[in-house]
Every structure is written in C-alpha cells, then in structure tokens.
Amino acid sequence: MLTTHLPRLILGALLGGFLALIYGWLIRPVEYVDTTPDSLRTDFRTDYVLMVAESYSADQDLDLAQFRLAALGPLPPDVYATDAIDYALELSFSRTDLEHLNQLALALRALPQPGEIQAP
Amino acid sequence: MSRSGWFPFLIGIGLGLAGGLYYAWLINPVEYTDTAPDSLRADFRSDYLALIASAYAATDDLVRARTRLALFSGLEPSTELAALAQQRLAGGFGEFGEVEAAALAQLAADLANQPRSPTSTATRGPSTASTPVPTPLPSSTPRPTPTPGAPFSLASQEQVCNPLLAAPLIQVEVSDAAEGGVPGVEIVVVWDAGQDHFFTGLKPELGQGYADFTMTEGVSYTLRLADSGQLVTDLSTHPCERPDGIPYLGSWLIHFQQTP
C-alpha cells in the first residue's frame, strides 16, 4: 500500500512546494510595507544619519539627535554615527558632509556611557 | 488515475504547501532588510519627511532635499509637507514639533516657489547617500527669507468683504523689504478662551507669505508675529453684504513688512 502511494505522495508534495514558491515569489511576492528605519539599506541609513547630523549642526540639540537616531535600532547612537562616517569615507562623501557627521559623532561620544560614573 | 490514486497526490500537495509555509513563516521568516524609505510605516515616514525638512532648514540645500523627497513615490511634496506641518503643530510633538513644523512649512513653500526642472528629474537616481549631491550653484533668484535681526512691523490692517471666502478669516501677509512673501513665519493668535499659532507658506498657492485663521463670530482676537511684540488687537468678524443683499461675515487682511 505504502509502496504504491509513496511516489504519488512525494510527487504531490513536490508539486505543492513548487506551487507555494510560484505563489510566494511570482504571484504574490513579499511587499515591503510598514517597515521601520532600522531596516533601511546602508546608503539610506547613512543618509538618515547625515540628515540628523546636518540638523544637529544647526540646532545643536543633542537630545533631539539621539531621539532621531534611536529609530535606527537599539545600539548606542554613536555607533550609527561611526558607521555612517565609515560608509561616507568609503564613498567619498563631500568634506562638508563628513564634517557634519564627525561633529555629531564627537558630540555623541562625549556623552557619558550607560553605567559610567561621573566625576564629582 | 483512479480516484484512490488522486488521494495520496492531493495529500502530498497539502503536505508540500504546509511544509513550505511552515518553513517560510516559522523556520526562516521574512526579515526586512535593505529597505527603502518609501516602505516606511506612516509614522516613521512622517518623521523621515520632517527630518528631510530639518536638514534642509540647516543646509538650505534644496537640490538635496528634492533628491531625498524623490525617494517617496507618489509624494506631492508641497501639499503633503504643508499638511504634515499642521499635524506637527496639532499633534503634541512639543517644542521640537514646532521647530519641525516651521521647517516643513519652509520646505513646502520653497518647493512650491521653485518647481523642479525637467533635467533634474531625469538624472536623479534612487539613492541619495551613495551619490553625494554636488553643491548647487547660487541661485539668481534669492529666497525671500527675512533678514536676520530685522523686525517685521505692521504695514496695514484693513477689513475685507469678500463673498468668495467660505468663512470669515484673519488673512495675514508677511513680506520682506522688497515686497517678497516670507514663508515659515510663525503667527500667534490669542482670544479670551485660548490661543493658536500658524505659519505663513502653508498655502503656497495663495502666496509664500500668506497665512490665514478662521474667526468665530462674536470673538475678539489679538494677533502678533511670534518674533515680534507688536500686537494687532480687536480683530473680529464684521457685517458685510453681497450685491444681492444677503449678509455675511467679513474678514481682516493684516500685512506685516520687514523694515529695511
């Protein structure tokens, strides 16, 4: 009994899997909607950090900059600034852009780290 | 194939589908990586647009702001940014919400003031960060921004009877010394039961320096520019009459101008 039906079962499973892939990849592929900034591609993420840095260069509001960078994920905000600088150097961003990013990174690094004991 | 022969085949298809979905949803579910700003959730999209405006307010780089806005398909920048500015003001975003609202209003007004040229759209790529935008050449038409430090003063104040207006308005026009409309100027209006503030440039089709506020009949309003101490008092609706004799409520037109 099993020997008789097994090939059909396997054939059906293969066909079912194939149909699932056709449906999932061609008929109704994944659409990226309602995503969050932490999933942004590296270039967009870098541009996001650059916008924060540009804004910070004018208003010097580090709290607001941190708030905006927090949308990129759970890491300390200076990590995102550093990553952005690395990418900007790699792609030869303009000197002004690099200065903005550097200014933001320096300000963020100057903040006390979590758990750090401040001198009186 | 007999009926009994189809049965295991169909069972197999069902198992295949179930296995595929189990793999796709539980074992190796979709992870959103390498997404573009266009796919952001509505609230993050709003924050992103506000950030574009804030960066523009800091750099004055309209070309770069346009490039960033072009990442959002179907975006009507001048109208959507203006609406977003209103939301920022009304949405309890606190102090930085007001700053962002002003930046959004400024960008909306500047975009409406300087329509995108056909050549710039054709050459623009989808990514902004990987292709740094060159510094634009100085524009021959200077933006009508107020001269820093130069105050605005009340130039005129008049009652308006315009039957085409759907409601009685306080219409405000803010211009620089050269009579150019100035967008992004915050206006505060106060009445006995509350206060509100709004910005010029949110209705660019009516002028870069234009803003209006709807009055309620019987209420007396006092108005001032946020950065000015000069008050315009006793603004209230007044009776007007259409040519066919039908009465309606009239508006005010207040004009502030920057002193040279």
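Modeller: Before we start on the strands: two of them count as paired if DSSP finds at least two bridges between them. The model is a predicted one.

Colleague: Fine. In which sense do β1(B) and β10 of chain B pair?

Modeller: Antiparallel, with 8 bridges between β1(B) and β10, which covers residues 251–258 of chain B.

Colleague: Which residue in β10(B) does B:S156 stand opposite?

Modeller: B:H255.

Colleague: Now β3 of chain B. Which strand does a hairpin join it to?

Modeller: The hairpin leads from β3(B) to β4(B) through 2 residues. β3 (residues 186–191) and β4 (residues 194–199) of chain B are antiparallel, paired over 6 bridges.

Colleague: What is the bridge partner of B:I187 in β4(B)?

Modeller: B:F198.

Colleague: How many bridges between β3(B) and β6 of chain B?

Modeller: There are 4, and that pairing is antiparallel too, with β6 spanning residues 221–225. Within β6(B), B:R224 is the bridge partner of B:V188.

Colleague: Zooming out, what does the secondary structure of chain B come to?

Modeller: Chain B has 6 helices and 10 strands. It runs to 260 residues, of which 36% count as buried. Taking contacts in chain B between residues at least 6 apart in sequence, 67% join residues at least 24 apart.

Colleague: Switching to chain A. At what angle do α2(A) and α5 of chain A pack?

Modeller: About 80°, with the axes of α2(A) and α5 (residues 95–109) 8 Å apart. Angles of 65 to 115 degrees count as roughly perpendicular, so α2(A) is roughly perpendicular to α5(A).

Colleague: Which residues in α2(A) meet α5(A)?

Modeller: A:V49, A:L50, A:V52, A:A53, A:E54, A:Y56 and A:S57. On the α5(A) side they meet A:D97, A:H100, A:L101, A:Q103 and A:L104. The residues of this contact of α2(A) with α5(A) split into 7 nonpolar, 3 polar and 2 charged.

Colleague: And α4 of chain A? How do its axis and that of α2(A) cross?

Modeller: At roughly 115°, the axes of α2(A) and α4 (residues 77–90) coming within 9 Å. The crossing of α2(A) past α4(A) is left-handed.

Colleague: What meets what between α2(A) and α4(A)?

Modeller: From α2(A), A:T42, A:T46, A:V49 and A:L50; from α4(A), A:Y80, A:A81, A:A84, A:Y87 and A:A88. That contact of α2(A) with α4(A) has 7 nonpolar and 2 polar residues, with no charged ones.

Colleague: Last topic, the contact between the chains. How many residues does it take from chain A and from chain B?

Modeller: Chain A gives 43 residues and chain B gives 40 residues. In chain A, α1 (2–27), α2 (42–59) and α3 (62–69) each supply at least two residues of the side that touches chain B.

Colleague: Which gives the most to that side of chain A?

Modeller: α1(A), with 15 residues. By class, the side of chain A that touches chain B divides into 23 nonpolar, 12 polar and 8 charged residues.

Methods: Residues are numbered from 1 along each chain as its sequence is written. Chains are lettered from A and ligands numbered from 1 in the order in which they are written. This is a predicted model: local features need pLDDT of at least 70, side-chain atom pairs count only at pLDDT 80 or more; totals for chains, interfaces and linings use all residues. Two residues are in contact if their C-beta atoms, placed from the backbone, lie within 7 Å. Ala, Val, Leu, Ile, Met, Phe, Trp, Tyr, Cys and Pro count as nonpolar, Asp, Glu, Lys and Arg as charged, and the others, Gly among them, as polar. A residue is buried if 20 or more other C-beta atoms lie within 10 Å of its own, exposed if 12 or fewer, and partly exposed in between; C-beta atoms are placed from the backbone. Axes are lines fitted to C-alpha atoms, for helices over the stretch in contact, and angles run from 0 to 180 degrees between N-to-C directions. Angles under 35 degrees count as roughly parallel, over 145 as roughly antiparallel, 65 to 115 as roughly perpendicular and the rest as oblique. A crossing is left-handed if the near helix is turned anticlockwise from the far one by less than a right angle, and right-handed if clockwise.
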